[in-house]
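Please look through the model below before reading on. The text then takes up its interfaces and one of its sheets.

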Amino acid sequence: METRLSRRTLLKAGALLAGGVLAGCAPKVVEVTKIVEKPVEKIVEKTVVVEKEKVVKETVVQEKVVKETVVVDAAAKRAEVKGKIVWDTFRANPPWDKDRLDSFKQLYPNVEVELRMGVADQQANYAKWYAMEAAGDLGDVLQFDPSHFHFWRAADKNIIMPIDDLVAADNTDLTQWYEQFVNMSRYKGKLWGLPSWGWSGFDCLVVNEVALNEIGVKELPDPQQYAVTWDQILEWIHKSHKASGDKVERYGFNWAGGEAGFTVMCRWFGGELINPEGTKTVFQDDEKALKGLRMVYDLVVKEKLAPAPGALGQGVSNEIACAEGRLTMYHCGSLCAVNAQKAVKDNTKAKITVILFPKREDGKIPSQIRGGAWQVHKTSKYPMIAYQFIKHLTSKEGCLGFNLFGGNTALVRPDVLPLLIAQIPMYKHFLNNLANGMVIHAPANSRGREYTDAIAQNGAKLMDAIKPVPFEQGVKEMAAEIQKVLDTPPA
Amino acid sequence: MATTTHILTAEEVARTRAAFRRRRAIGRFFGYLFLTIFGLFFAFPLYWTISSSLQTWQELRSFYPHLLPAVPQWNNYVQVFTYVPFARWMLNTLIIIAISIPGSLITGTMAAYAFARFNFFGKNVWFLVMLGTMMIPGWVTLIPQYILFFKLKLINTYVPLTIGSWLGGGAFTIFMLRQFIMSIPRELDEAAYIDGASPLRILAQVLVPLMKPALTTLAILTFLGHWNDFFGPFIYLNKKDLFTVAVGLRFFQTMPMESNEPKDHLLMAAASVTTIPVLIVFILAQRYFVQGVVMSGLKL
Amino acid sequence: MDSTITAQIAITRAKRRISPAVIRENVNGYLFLAPWLIGFFGLFLGPALASLYFSFTQYDVLSPSKWIGVGNYVKMFTADNLFYTSLARTLYFTGLSVPLGVFGSMVLAILLNMKLKGTVIYRTLFFMPSLVPLVSAVVLWLWLLNPDWGIVNNALRYIGIKPPAWFADRNWALPSLVMVGLWGSIGGTRMIIFLAGLQGIPEELYDAAAIDGANTWNRIRHVTIPLLSPTIFFNLVLAIIGALQAFQGAFVATEGGPAYATWFFGLHIYKHAFDYWNMGYASALAWFFAVVIIGLTILQQRLSTKWVFYYGA
């Protein structure tokens, strides 16, 4: 009981400290006088007359730039802005929601922002939003996340609007976010939103270092050196797997299914799951993609080095198994590494670190950048206000808060990462991947949801250790099913 | 030869009685055994929910579960009520239920009465249509219904959630009550009719008193249905203040904690809080199940 | 003379056609049915017809619908392999859970009705699973049935049985859901309804049977079950409808997997309606299913005349 209290107090202190840091970083937003340089005159002229190796006349008229100081009371200008927007978000992030609303109110005192918070998990909320859109009731600030494949459909169906004009009018510097995450919201040559949450996705193995110590591995190199080889990984998996007959004391490995997991598996050795245009499955004929799948197949189906899938819930997730020393390593990403670290209660059993996947022959890093975005409703009455609001949500302060007390993983801004790393050192391993990870390939017909299901269900069959199917057959069926989805007429 | 009737001697009577008692005792024993084993089996998850609600999150995240908390964390319940407006949500749900139960019982009984006792034109067709409403998966009528309520400006109110109760209470209600009424002998109706009672009086004064077990059951089911209903309130309610318990529970599930700590123990506490009122209602309503049906005046 | 007789016959005929009794029956019937009728026309019929219309269109809720005639229905039967898969899964699930569930609830209700001591406690214990929110129950069962580390498998291994992998095994996932479903429903509303039905059987009948020399088993066979038959019929119809439409458990526990093992028809409809946004196709699936369910119910209704005994009808 006492340990629990003091840990809580520590975390509370940490949150307060973060708040203090935030307050220190936040510009004084109440009164800002802006100094505008206005060039009045600019004359440049230089005439040189040369006559046969003899400079005759050199006339230089100086450049005259007159600086005029114009005082613009930004706060007053903002107070002139009037309007009302509705913010529909799919997940409640209570202290952060309020923080953003309050701070935005200070910036724009005459703008009303109504928050309609989502209730359940994301998928159920999308259902509600579509119903609201059908009725004409959807709000101004929206969240149709690319990584959930709702983004492309929302763009095609005119639910959200391109924000290029707003960006230009506001002169927003798009480099304040990692390019990868901004690019997630690019489609048909336009930009449709600003990054909300994001991580470098499924780009590493979350590892229990204690288990590796037991098999003689002294210390792992710095993950950002990408020094660990596949051969070493396989060797460690095999050596650290402890089983006696039917009873397994520690599993060497666990794989990640689903769309992201399979995409990265295909990418390990230089292949792809589907082509960048999103029209065809390519993995079934690509030896490089198959190499990754076959490796997992051998580990999971043939040698049975992985625990049974579908074992979610209290006490038996990957994180907890790893933290308890019952799983050496599993395929996941930065998000999971942090959760696994939190789950460790006994340092003699587990110490969590990561192994980033080795770079491929072509120098790329096997990963799949994952993220969400804030968008503006197509028929919003106050698009500029909505845009200012989403900028506010994903500003430096907004993003930092989103991470620290909004319950999200939003590693989308280079300027926020150092502050986050101070709180959560694990994130420093992913700096390179955030800037240089690989992007998502979305189905061209916007049928991302069917695509995800087809991969998850058929992939589970391929990697089924209990009722195995031959590798070639599993791959063929999976490719056929996914291609069927890609061939469906557009949504 | 005709069968002779064997007159039992006193000894045979005693032996038969003893055998009968023995058989009954054995039967009783197995009955108890069976019920107890099954009872524990059924009760375990609820026990587990409550036990988990009194543990710390570290205890819950253990590899091997703790059947009992080391120290009961009553504070978990306090936290649930302070982190989210759980009390408000419970009150909201009770309001919805208080509106719905009378509606279901009254209009459901009326419709069941119609189907059970009257021979009106098209009765069988209407009955099948009524049953049919149960058979169309709700998903596809959801969007048109949502739009309908939106046009009536009834989104974010309790009307979409309660109006169904006052318009028949649903096919399940009507069907069940109809079956029940049909098992009550018509002679009772007719007797009252001869005495000059109107159909309404027959319903209210003859049938309804006999339907107490069914009506109580229905009240409990309506309670439970609304208490645990997620999708309806989810779709129609937008303001946190109006949420019901089921929606609130999910909201709480997806809501991050300020300290980013896991909140499994709090979720279990919330789930327990969700469960206990219904349990109490159920226990209190038990006595209405015990009443047998006394058929005075019935000749066999 | 003839005209008087003709007139009299006419009057008699007229009276018979619209006798006051008939009028009374109709007026009363419709009067008591009125609240439900209003609800039906106001809240149900419109949306239902709308969804029927949508089943003949391609409709994604966000753009206007496009008429495609019977395209969706053709697609169902020819171009959607998950259609037959999901039907098979649902029928399998229904075939397993309905008989076990209805029979089990009935047995429990009869046991509880025997006036053993502590009935109130038992009744409450049995009802408990219905009180636990589905999501919590499923999470708990996933944990209990974890193939490697769950209590159930550890216990089975201890007594020497090689346990199946439950939700992780393609062949056991569906039966596991049946098991969880039974656990959740066998002592629940169905059992309570059986109890209510049992309460409605007059004591005098049992006494009469006992006097005639019937033992417990015969009393059950000849008094309880026939008089309980309306309740059995009711529960059977509802159990079948419920099992055919069930999918919440599958949704939470296995998400339709592994490898479509628990991809129920209800889940298939939900997926097309609210995940893939093929609302037109989902409507077609729903209406097809409604017809199937209605057909089955009519069949049961017809058969019921053979075995259901209405004491008061």
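The model is predicted: local features need pLDDT of at least 70, side-chain atom pairs count only at pLDDT 80 or more, and totals for chains, interfaces and linings use all residues. Residues are numbered from 1 along each chain as its sequence is written, chains are lettered from A and ligands numbered from 1 in the order in which they are written, and side-chain values use heavy atoms, with hydrogens and water left out.

Between chain B and chain C, 94 residues of chain B are in contact with 93 of chain C, contact being heavy atoms within 4.5 Å. The two chains bury about 8400 Å² between them, 78% of it on carbon and sulfur atoms; buried area is the accessible area (1.4 Å probe) that two parts lose on being put together, summed over both. In chain B, the residues that lose the most area to chain C are B:F42, B:M135 and B:W139, together 9% of what that side buries. Helix α1 (residues 10–53) of chain B gives the most to this side, with 16 residues; helices here are DSSP runs of H or I of at least four residues, strands are runs of E of at least two, and both are numbered from the N terminus. By class, the side of chain B has 70 nonpolar, 20 polar and four charged residues. Nonpolar means Ala, Val, Leu, Ile, Met, Phe, Trp, Tyr, Cys and Pro, charged means Asp, Glu, Lys and Arg, and the others, Gly among them, are polar. Zero salt bridges are found across this interface, a salt bridge being a side-chain nitrogen of Lys or Arg within 4 Å of a carboxyl oxygen of Asp or Glu.

Chain A also touches chain C, with 41 residues of chain A in contact with 34 of chain C. The buried area is about 3200 Å², of which carbon and sulfur atoms give 54%. Five salt bridges are counted between chain A and chain C. A:R449 forms a salt bridge with C:D275, the closest N and O atoms being 2.8 Å apart. On the side of chain A, α18(A) supplies the largest share, eight residues, and the residues divide into 20 nonpolar, six polar and 15 charged.

Chain A also holds an open sheet of five strands in the order β12-β13-β14-β11-β15, with mixed pairing; two strands pair if DSSP finds at least two bridges between them. β12 (242–244) and β15 (352–356) of chain A stand at the edges with a single partner strand each, so one side of each is left without a neighbour in the sheet.
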